[in-house]
Amino acid sequence: MTLAAETFDELREIAARYPQARSGLLPMLHLVQSVEGRVTPEGIQACADVLGLTPAEVSGVATFYTMYKRHPVGTHHVGVCTNTLCAVMGGDEIFACLREKLEVGNDETTADGAITLEHIECNAACDYAPVVMVNWEFFDNQTPESASQLVDDLREGREVVASRGARITSWREAERVLAGFEDGLVDEGPAAGPESLVGLELARERGWAAPVHAHGSADVTEEMPEAVEEADTRRAESETIAEEASDD
Ligand code: FES
């Protein structure tokens with residue numbers, strides 16, 4: 001498949017966003033995936049041509065990061081976190097359930113091309129473990145039953161909305177967003193869930209604040225001056241103790 005002139009224009013548009021054009025390689029590879037459904041040899045050559053790199057250099061990047069796929073991805077990419085916390089909270093059971101239900105192995109696509117299943121590493125959503133990602137949108141606190149219903153809904157084309165994000169489109173459309181071309185859905189869904197904000201609320205209740213460094217945070221110093229003073233005093237005390245210990 002030959003890439004369209006429009007795709008080359010968009011690749012150049014991405015490269016032009018950066019002071020060093022090669023900094024655009026990662027989003028450019030996402031754009032290739034949005035068009036081709038994977039990182040193809042043609043896509044690698046196109047990125048190399050636009051950036052003045054060799055295909056080997058582009059290929060080295062595309063094969064390093066797991067978000068870049070060398071074989072076709074289905075309409076939806078379903079990632080089940082099986083990293084430590086999610087695994088013990090049920091991620092392993094979810095992955096086993098979906099693997100059996102979809103009759104695919106890891107990083108394989110269903111016969112109808114609808115779902116690519118992959119076990120993924122921690123997505124920094126451990127407070128909602130176990131999590132499932134659909135096209136990199138979060139589905140929190142999943143169970144084998146809810147994940148099974150989720151893939152049924154995706155396959156049937158029913159509307160699916162992420163726990164903390166937008167309604168689900170498709171993997172290719174999500175790849176286009178990762179390339180930096182917005183789809184207008186960025187403001188859908190909550191920005192953060194309550195579990196992620198517990199620490200912040202506790203800190204506010206108890207007047208906790210991070211120590212202020214030379215480049216300091218004006219907001220913190222203005223909102224909680226006593227806490228900042230106390231934190232600075234404690235830091236100074238611990239530095240004195242450390243100095244005395246090293247003198248001994
Ligand atoms: S272990 Fe699953 S999101 Fe962190």
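The model is predicted, so local features need pLDDT of at least 70 and side-chain atom pairs count only at pLDDT 80 or more, while totals for chains, interfaces and linings use all residues. Residues are numbered from 1 along each chain as its sequence is written. Helices are DSSP runs (H or I, at least four residues), numbered from the N terminus.

**Helix α3**
- Gly 43, Ile 44, Ala 46, Cys 47, Val 50 and Leu 51 are the buried residues of α3, which spans residues 41-51; buried takes 20 or more other C-beta atoms within 10 Å of a residue's own, with C-beta atoms placed from the backbone.
- They sit on the same side of α3, because their arc around the axis is only 160° (taken over directions from the helix axis to the C-beta atoms).
- Their packing partners are α1 (5-15), α2 (25-36) and α4 (55-62).

**α1 against α2**
- The two axes (lines fitted to C-alpha atoms over the stretch in contact, angles from 0 to 180 degrees between N-to-C directions) come within 9 Å and cross at roughly 160°.
- That makes α1 roughly antiparallel to α2 (over 145 degrees).
- On the α1 side, Thr 7, Glu 10, Leu 11, Ile 14 and Ala 15 meet Pro 27, Met 28, Leu 31 and Val 35 of α2, where contact means C-beta atoms within 7 Å.

**α2 against α3**
- Here the axes are 10 Å apart, at an angle of about 145°.
- Leu 25, Met 28, Leu 29, Val 32 and Glu 36 of α2 meet Gly 43, Ala 46, Cys 47 and Leu 51 of α3.

Key:
A residue is buried if 20 or more other C-beta atoms lie within 10 Å of its own, exposed if 12 or fewer, and partly exposed in between; C-beta atoms are placed from the backbone. Helices (H or I, at least four residues) and strands (E, at least two) are DSSP runs, numbered from the N terminus. Two residues are in contact if their C-beta atoms, placed from the backbone, lie within 7 Å. Angles under 35 degrees count as roughly parallel, over 145 as roughly antiparallel, 65 to 115 as roughly perpendicular and the rest as oblique.
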